[in-house]
Structures are given as C-alpha cells and as structure tokens.
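Q: Got a new one for you. Can you walk me through it once it's on screen?

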Amino acid sequence: MTTITTTRPTTSDTRRQSHVVADAVTMLRRNLLHIVRYPGLTVFVIGAPVVFLLLFVYVFGGTLGAGLPGVDLAGGRAAYVAYVMPGILAMTIAGTAGGAATTVAMDMTEGITARFRTMAISRAAVLAGHVLGNTIQALIGVVVVLGVGLLVGFRPSAGPTDWLAALGMIVLIAFAISWLAVAMGMQAKSVENASNLPTPLLLLPFLGSGFVPTDSMPGWMQWFADYQPFTPFIETIRGLLLGTPLDWNPALAIGWCVVIAVAGYAWSMAIYERKSVR
Amino acid sequence: MTTSAIEVHGLRKSYGDKVVLDGVDLTVAAGTVTALLGPNGAGKTTTVHILSTLVQPDGGTAYVNGCDVARDPGGVRAGIGLTGQFSAVDGLLTGEENLLLMARLRHLGADRAKARVAELLEEFDLVEAARKPLATYSGGMRRRLDLAMTLVATPSVIFLDEPTTGLDPRSRHTMWDIVRGLVAEGTTVLLTTQYLDEADELADRIAVLDGGRIVADGTPDELKRLVPGGHIRLRFADAAALDAASRLLDETARDESGLALTVPTDGGVGALRTVLGRLDAANLEVDDLSIHTPDLDDVFFALTGRVDTKETAS
C-alpha cells in the first residue's frame with residue numbers, strides 16, 4: 001500500500017485546468033445522450049413554437065399583417081409570415097430555457113452532481129456540458145421551425161453571408177440564454193419550480209418587436225419594448241434574413257448576449273458549490 | 001508503522017443554531033477499514049461530506065492523503081471516491097454508459113476505459129444488465145453500480161455512506177464481500193453505518209459518533225470490553241433442579257418464572273466446562289443452555305445512552 005503524503009496543490013490544479021475542455025465534451029456527450037434517449041422534453045420544447053407559428057400565421061396573420069405599415073388587406077397573411085418569423089425564432093430559443101432548467105434541476109436532485117463534485121472535474125466543465133447541449137438543442141429547434149416557416153410561405157431575401165451572420169447571431173443568443181437557464185435550474189428549489197422560472201423569457205418576444213411593431217404600443221410599454229434584449233435580437237435576425245435596416249441592433253444584441261452569458265455563468269458557478277449536496 | 005490516510009482534529013460544523021459536529025477527532029490508518037457508527041442525526045454523513053470536499057467545515061482541520069480538505073480540495077479529490085446514501089448514478093443512462101462516463105471523467109483513455117469498465121461489470125455481477133436502462137435495476141444493483149462507478153479510477157481512500165441501508169440480506173452480504181475485497185487490495189475505507197453487525201463484520205476500528213462527538217474509538221473487541229462481560233443462561237425442567245443448581249454455582253442470578261439461571265462468565269470454553277462439570281457431578285439435567293457474549297449492541301446502547309430494550313426484557 002502506497003500512501004501519498006505530499007501536498008501538491010499546484011500540480012493538481014494545473015492538471016485540472018488542462019482537462020476542462022475534455023470534461024466539458026464528456027458532459028456534453030452525456031447531455032446529448034439524454035436528449036436521444038428521452039426525446040420527450042425536446043419534442044415539447046420544439047413543438048410549442050411550431051404551434052405558435054401556425055397559430056399566428058393562420059389565425060391572427062390575416063388581420064395582424066394588414067395592420068403592418070404599407071401592407072394592404074389582401075397581402076396581410078403573406079406579409080405577416082415574414083414579419084413574425086424572427087420573433088418565433090427568438091421564442092424558440094427562449095423556449096429551450098425551460099427544458100434546460102428542468103434538466104439541470106433534475107441533475108441536482110439526482111445525487112450524481114454531488115459525485116461530480118467529489119471528483120477532480122472543474123465546475124465549469126459540468127455546467128458547460130449543459131450549456132452546449134442546450135445550445136445544440138436550440139439550433140435543432142431553430143432549423144425545424146425555419147423548415148416549417150418555409151413550408152407556410154416564409155421567403156427570406158438573405159444571401160449566404162447574411163445566413164451565416166444570422167446563424168452566428170442565433171448561436172450566440174442560444175448560448176447566452178442557456179447560461180441563464182442553467183443558473184435558473186440551479187437556483188430552483190424543485191424540478192417543478194425550475195420549469196416555471198424561465199417562463200418570463202417566453203413573454204419577452206411578445207413584449208418586443210416580435211409580433212407587432214413597437215411603435216404601435218402605448219408609450220411606457222414601447223420604452224420597455226425598445227430597450228429589452230429581445231428587440232435587438234429579433235431586429236438583427238430580421239435585418240439579416242429580410243433586409244430591414246439593422247442600425248445599432250447587431251451591436252446591442254451582441255452586448256446583451258455577453259451580459260446575459262456572463263451573468264448566467266457567474267450566477268450558476270456561485271450556486272454550484274453550495275447547492276449540490278443533499 | 002502505518003501512515004494515516006485520514007486525519008481529523010477538532011472538526012466543527014453547524015447549520016444555523018444546530019450544532020452537527022462538535023469537535024470530532026478521528027484518525028484512519030492507511031489500508032484499514034474504520035466504521036463511523038452512530039444513530040440517525042449523529043453527524044456521520046456531515047463528516048463524510050466534509051472529508052469528501054462537499055461541505056466546508058466551520059472549524060478544525062481535516063487531511064485526506066495528506067491534503068487539507070479546505071485548502072487543497074483538488075488534491076483530496078484526486079485520491080478519493082464517495083458512494084453516498086443516495087445513489088449517485090445517472091438514471092437516464094445504462095449501467096455501462098454510467099461506468100464509461102466515469103472512465104472518461106477520470107481520463108483513462110479509450111482502451112483502458114473499455115477494459116476497466118468490462119472488468120468492473122464482471123466483478124460487480126452487472127454484465128447481463130450492462131446495456132439495460134437503470135430503471136430496470138433493483139436497489140442492490142443500483143448500489144453495486146454506484147460503488148463500481150466510485151472504483152473506476154481505483155481511489156486510495158473510499159467513503160461509503162451507509163452502503164447497505166435499504167438492501168436485502170443477500171445484497172448486504174455481496175456488498176460486504178466487495179468491501180473486504182477492496183481492503184485486501186490496500187484501499188482505505190471509511191464507512192458509516194447504523195448497523196452494529198456491519199461495523200463488527202467489516203471494521204478494524206470503530207468510532208462511535210453521538211451528538212456530534214466521538215464518544216468511543218477502538219477495535220471491536222476493545223469496545224466490547226467497555227461493557228459488562230457475558231453470561232451463560234441455563235434452563236431447568238423444574239424448580240427443584242433450579243434450587244439445586246443455584247446452590248451449586250456461585251454468583252448466579254435466578255429467573256423463577258423462566259426456571260432459568262444466569263451465570264457470569266468470561267466467555268471462554270474453560271469457564272463453560274467448569275459449570276457443566278459441576279452440574280454433571282450433581283446429576284442435574286439442563287434443559288437448555290445459551291451463551292451470551294457482549295455484542296456491539298450492548299456497547300452502542302451503553303455509550304449513546306439509549307435504553308436497551310432487548311436486555312431489560314430478559
């Protein structure tokens with residue numbers, strides 16, 4: 001029996017640092033395996049925005065579209081498909097937050113998180129596995145919703161570079177929202193609570209430029225709608241896919257993503273240490 | 001001389017007003033099994049959580065493998081494994097996937113990971129269930145998988161927090177065999193339990209934890225010596241034989257209604273032979289004979305001040 005009696009904090013620390021990426025990939029694989037094995041949550045998370053898309057195009061679309069500036073009554077529905085699509089995409093991303101928070105909260109109660117903590121794995125790797133898994137899930141969701149959008153008449157005018165930029169923007173938003181969702185899942189006192197915490201995120205596209213132009217809202221709400229993060233998100237995607245004016249929106253959107261991602265990261269790292277023991 | 005794998009001095013922990021650990025001292029020599037024995041709420045799990053870096057102590061020092069749990073948790077984590085009270089397995093994966101996950105997180109490399117996982121599945125009798133989802137596993141299987149996951153990287157110190165709570169007798173014995181195997185390989189084990197027989201079966205040393213303090217610490221035999229010695233209980237066919245026997249033997253206690261006689265003894269064969277020899281010489285027939293040696297139940301109840309219902313009833 002050999003016993004290690006020497007203290008070697010520096011070596012173990014550097015050893016751990018070098019494994020962060022490998023561990024994050026391992027944790028990502030675990031989360032992807034969960035999605036493949038139990039697709040129920042994913043199907044629900046992606047299904048909801050598809051339903052909203054169909055609802056807003058076929059039920060409300062005719063009337064709402066006719067109210068858009070410069071659109072006549074007959075072309076309402078077609079114009080509204082184009083208008084609502086970026087909002088639905090933002091909603092798709094926001095919707096994955098509920099799934100991610102639920103998954104994280106379940107993990108915290110499972111006891112396996114406590115096991116991870118007794119192993120030499122960095123906290124960031126465990127959380128990054130969740131964030132990357134959810135980002136991928138959000139991308140799958142966006143692709144599915146875009147596909148349905150094309151079927152119901154969405155015709156973007158974007159060129160290859162615009163598509164690439166839009167994809168980058170979507171990945172960034174999904175990444176930022178995922179960090180926030182992971183933090184919410186860790187904060188939640190129960191799994192039920194975790195699935196509810198991110199619900200306000202789903203409302204934000206409605207309280208922004210997702211479904212109607214903000215200048216049609218009352219003054220105080222318009223102020224909120226113009227300055228909340230989802231309006232620059234939606235306006236950036238809209239500008240890239242449909243050629244509407246971008247203005248400062250891409251810079252604002254990237255700024256918001258950084259703020260949300262950093263806040264979610266700091267929040268979840270802080271909770272990780274004290275919450276993963278039962 | 002053996003080195004200590006775990007060294008704990010004056011460990012304190014409170015949650016709000018509730019003092020859970022009130023100055024725990026504990027030393028575990030490398031390559032030995034120590035059982036932390038105590039009733040529910042004694043602070044066993046908290047001790048294990050502090051030693052496995054899950055919880056920060058409020059005061060005192062704790063070293064595992066020479067690494068300070070507070071200042072060098074990374075160093076501690078590199079050499080330990082914990083199997084907790086609640087199974088720390090991924091319920092959405094199969095047994096094999098759970099083990100592979102651990103192997104990857106321990107950075108074994110693809111080939112070694114595969115070999116190690118196959119080895120553990122074999123060793124823990126999980127080969128057949130390897131590719132099945134955990135939902136189909138029994139409690140014993142989950143616990144075995146849990147321990148196997150802890151052992152993927154062959155840690156030198158293992159914490160087992162109530163490893164057999166809720167298991168059926170067969171699974172308990174399997175678990176005990178596994179623990180004995182680990183010790184034979186040189187692993188240091190700190191196990192918590194509320195079962196006295198488990199501590200007696202497995203442990204080289206037993207530390208009795210009660211109210212956040214270690215109230216006794218020693219080998220099972222040393223602890224048994226802390227309580228009054230054993231006795232022989234003799235039962236006779238009638239009152240006449242009982243009378244005759246009680247005149248014949250010294251320091252006996254009579255149980256009139258049970259027609260029984262209790263004779264103190266050191267538990268040795270010699271003492272038993274003397275008693276039986278005297279009875280034989282007087283031609284006294286004994287209906288029934290039982291030998292009672294003090295077990296850890298007696299020690300436990302004596303130390304923790306709980307009423308021993310079994311003894312007072314007889």
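Q: Start with the inside. How many residues has the largest nonpolar core, and which have the most contacts inside it?
A: This is a predicted model. Its largest nonpolar core has 145 residues. A:I177 and B:V64 have the most contacts inside that core.

Q: Which helix gives the largest share of this core?
A: Helix α4 of chain A, residues 76-110. That helix puts in 19 residues.

Q: Back to B:V64. What is B:V64 in contact with, leaving aside neighbours within four places in sequence?
A: B:A5, B:I6, B:L51, B:V69, B:V76, B:I80 and B:V157.

Q: What other core lies apart from the largest one?
A: One of 10 residues. B:I232, B:L242, B:L261 and B:V275 are among them.

Q: New topic: chain A. How many helices and strands?
A: 12 helices and zero strands.

Q: And how much of chain A counts as buried?
A: 45% of its 278 residues.

Q: What box do the C-alpha atoms of chain A fill?
A: Roughly 85 × 40 × 35 Å, along the principal axes.

Conventions. Residues are numbered from 1 along each chain as its sequence is written. Chains are lettered from A and ligands numbered from 1 in the order in which they are written. This is a predicted model: local features need pLDDT of at least 70, side-chain atom pairs count only at pLDDT 80 or more; totals for chains, interfaces and linings use all residues. Helices (H or I, at least four residues) and strands (E, at least two) are DSSP runs, numbered from the N terminus. A residue is buried if 20 or more other C-beta atoms lie within 10 Å of its own, exposed if 12 or fewer, and partly exposed in between; C-beta atoms are placed from the backbone. A nonpolar core is a set of buried Ala, Val, Leu, Ile, Met, Phe, Trp, Tyr and Cys residues joined through C-beta atoms within 7 Å. Two residues are in contact if their C-beta atoms, placed from the backbone, lie within 7 Å.
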